[in-house]
Amino acid sequence: MAEQQQVKPLVPAAFRDEEEALSTQLNLRKRRYVQCCGCISALSLILAVVVLVLFFTLFRIHDPKIKINSVTIQRLELINGSLRNDVNVTLLANVSVTNPNVATFKFSNSTTLIYYGGRVIGEAIHLQGQAKARRTLLRNVTVELDPEKIEAVPSFRSDLNSGAFSISSYSTISGRVKILKIVKKSVVVRLNCTTTYRISGRQFVGESCRPELDF
C-alpha cells in the first residue's frame, strides 16, 4: 500500500506578516545601532583631534622671555683717579618680561647680581609680579654698587686707565604659567649679560646676553 504523502501545514498569513515585520524592525535597529556607533566614533575622533591641536597650539606653554633694554650708571664719581667711597654707584636697568602664552605668567621675587672682575659688586631684589597673556611687562631695576668692592678688583686700575670696565649681570625670575587650571608649568628664566662701560661717554656698549630656561 502506497504511503500517504504528509503535507506540511501552511503558515498563516498573519503570522508571516508579523515575522517579516519583526525581522525588518530588528534590521532597522541594527542599522541604527551601527550608525549610532559610527557617529560616536567619529565624534570621539574629532574631539581627540581638537584636543591634540589645542594641546600643541593654544594650550602649549611657550618660553617667557626676559630682556634688558637699557642700562645706565649714575653717581660714578672719580676723585684723583679713585671712586668716592662715600657715595654708592647706582646702576639702572630697564627690563622687559614677554609672555607669549594665553595665560598669565606669575613670578615671585627675583634677583639680579652685578659682577665685575668675577666678583659680586651689587645685588638687587625685584618684587613679585605678573606678565599678562601675550603682553610684555616693563620694569626698572635699581642696583646699588659698592665702590669699595669695585676698587678691590685687581684689574680696576688698568681698566680705569683704559677708560672702560667690563661688567656682567645675572638675573633670575621664577614663576608659573597655568592654563584653565589644567595645564600648569613652573618656569625659571635666567639671563646672563656682559657689557662694557666706557667712562668717557658714560654709556654701555657691546652688550651680549644669553637666556637660560629651566622647567
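**Rings and a charged pair**

Let's start with the aromatic side chains: there are four aromatic pairs here, where a pair means that ring centres of Phe, Tyr or Trp (its six-membered ring) lie within 6.5 Å. The model is a predicted one, in which local features need pLDDT of at least 70, side-chain atom pairs count only at pLDDT 80 or more, and totals for chains, interfaces and linings use all residues. Residues are numbered from 1 along each chain as its sequence is written, and side-chain values use heavy atoms, leaving out hydrogens and water.

Find Tyr116 and Phe165, whose rings sit 5.6 Å apart centre to centre with 75° between the planes, an edge-to-face pair (planes over 60 degrees apart; under 30 is stacked and the rest tilted). Tyr116 belongs to strand S6 (residues 110-116) and Phe165 to strand S10 (residues 164-179), so this pair ties together parts 49 residues apart in sequence. Strands are DSSP runs of E with at least two residues, numbered from the N terminus. Together with Phe156, they form one aromatic cluster.

Now look at Tyr197 and Phe204. Their ring centres are 4.9 Å apart and their planes meet at 55°, so this pair is tilted. Both Tyr197 and Phe204 are buried.

What about charges? The structure holds one salt bridge, that is, a side-chain nitrogen of Lys or Arg within 4 Å of a carboxyl oxygen of Asp or Glu. The side chains of Arg75 and Glu144 form it, at 3.4 Å from N to O. Arg75 is partly exposed, at 44% relative accessible area, and Glu144 is partly exposed too, at 36%.

Conventions
Buried < 20%, exposed > 50% of the residue type's maximum accessible area, 1.4 Å probe, protein only. Helix = DSSP H or I, 4+ residues; strand = E, 2+ residues; numbered from the N terminus.
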